[in-house]
Amino acid sequence: CIPGYQAGASHMQTTLPTLSTLPHPMRRRLVYIATWMIYASLYLTRKPFSVVKPLLIEQESLDRSSLANIDTAFLVAYAFAQLIIGPIGDRIGSRSALSVSLVAAATVTLLFACSKPLLLPLAALWFVNGASQSAAFPLCQKALFPFFGQSERGAALVGTLYSFALR
């Protein structure tokens, strides 16, 4: 039943399927689901700050101006990292770059949650999060393109963007 599985081998050796040994339609679905999950997961690491903003203002830890500066740090990093992420993704590969982006975003979000509410450390962490987030969309699309023809790429793109609906 499983492609690549060799049942009944006398020497009890089994070969589990890898992505490259799966039939193209199955491989295509797995890559699509994986990139959708990656993009949705990275997108969800943006939300904790929005959730705690009212609490930070209520506790008088940070004022609105400081919170806006933290948001600006994220957006500036996101915008400028878009300019350099393409060549980095080309050099190290989209899977490796996405892995680094996922680990960086998760680590920064955890550190952000554990940090004291001080402007500079929070802005620095959210800056790194913005840079790691910027990699998600172009690298997910780069990972998808080999599995979808030019006429299908628009539908794949819209499906990935659908992960925005999680917010």
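1. Basis. This is a predicted model: local features need pLDDT of at least 70, side-chain atom pairs count only at pLDDT 80 or more, and totals for chains, interfaces and linings use all residues. Residues are numbered from 1 along each chain as its sequence is written, and side-chain values use heavy atoms, with hydrogens and water left out.

2. Fold. The protein has seven helices and zero strands. Along the sequence the pattern reads α-α-α-α-α-α-α. Helices (H or I, at least four residues) and strands (E, at least two) are DSSP runs, numbered from the N terminus. Of the 167 residues, 32% count as buried. Buried means under 20% relative accessible area, exposed over 50%, and partly exposed in between, with a 1.4 Å probe and protein chains only. Take the contacts between residues at least 6 apart in sequence: 70% of them join residues at least 24 apart. Contact means heavy atoms within 4.5 Å.

3. α3 against α6. Two packed helices are described by the angle between their axes and the distance between the axes. Helix α6 covers residues 136-144, and α3 packs on α6 at about 35° with the axes 9 Å apart. Axes are lines fitted to C-alpha atoms, for helices over the stretch in contact, and angles run from 0 to 180 degrees between N-to-C directions. The crossing is right-handed. A crossing is left-handed if the near helix is turned anticlockwise from the far one by less than a right angle, and right-handed if clockwise. From α3 come Q82, I85, G89 and D90; from α6 come P138, L139 and K142. By class these are three nonpolar, two polar and two charged. Ala, Val, Leu, Ile, Met, Phe, Trp, Tyr, Cys and Pro count as nonpolar, Asp, Glu, Lys and Arg as charged, and the others, Gly among them, as polar.

4. α4 against α6. Here the axes come within 9 Å and cross at roughly 150°. The crossing is left-handed. On the α4 side the contact uses S94, A97 and L98, and on the α6 side A136, L139, C140, K142 and A143.

5. A97 and A143. Both residues belong to the contact of α4 with α6. A97 sits in helix α4 and counts as buried because its relative accessible area is 7%. Setting aside residues up to four places away in sequence, A97 touches G89, I92 and L139. Its C-alpha atom is 9.9 Å from that of C140, 43 residues away in sequence. A143 sits in helix α6 and is also buried, at 14% relative accessible area. With residues up to four places away not counted, A143 touches V31, T35 and S94. The C-alpha atoms of A143 and R95 are 7.3 Å apart, across 48 residues of sequence.

6. Second largest pocket. Rolling a probe the size of a water molecule over the atoms shows where empty space is left. This pocket holds about 190 Å³. Of its 13 lining residues, I85, V100, A131, S132 and A135 are the closest to the centre. A pocket is, on a 1 Å grid over the protein atoms alone, an open set of points where a 1.4 Å probe fits, with protein on both sides within 12 Å along at least five of seven lines; lining residues have an atom within 4 Å of a point. Grid points are joined across faces, edges and corners, and the volume is the space filled by probe spheres set on the points. α3 (64-92), α4 (94-114) and α5 (119-134) each give at least two residues to the lining. The largest share, five residues, is from α3. The lining has 11 nonpolar residues, two polar and no charged.

7. S101 is in helix α4 and is buried, at 3% relative accessible area. Neighbours within four places in sequence aside, S101 is in contact with L42, S132, Q133 and A135. S41 is in helix α1 (residues 24-44) and counts as partly exposed because its relative accessibility is 35%. S41 and L102 are 61 residues apart along the chain, with 8.1 Å between their C-alpha atoms.

8. One backbone point to check. Where does E60 lie? E60 is in the loop between α2 (47-58) and α3. Its phi is positive, about 55°, although E60 is not a glycine. At 71% relative accessibility, E60 counts as exposed.
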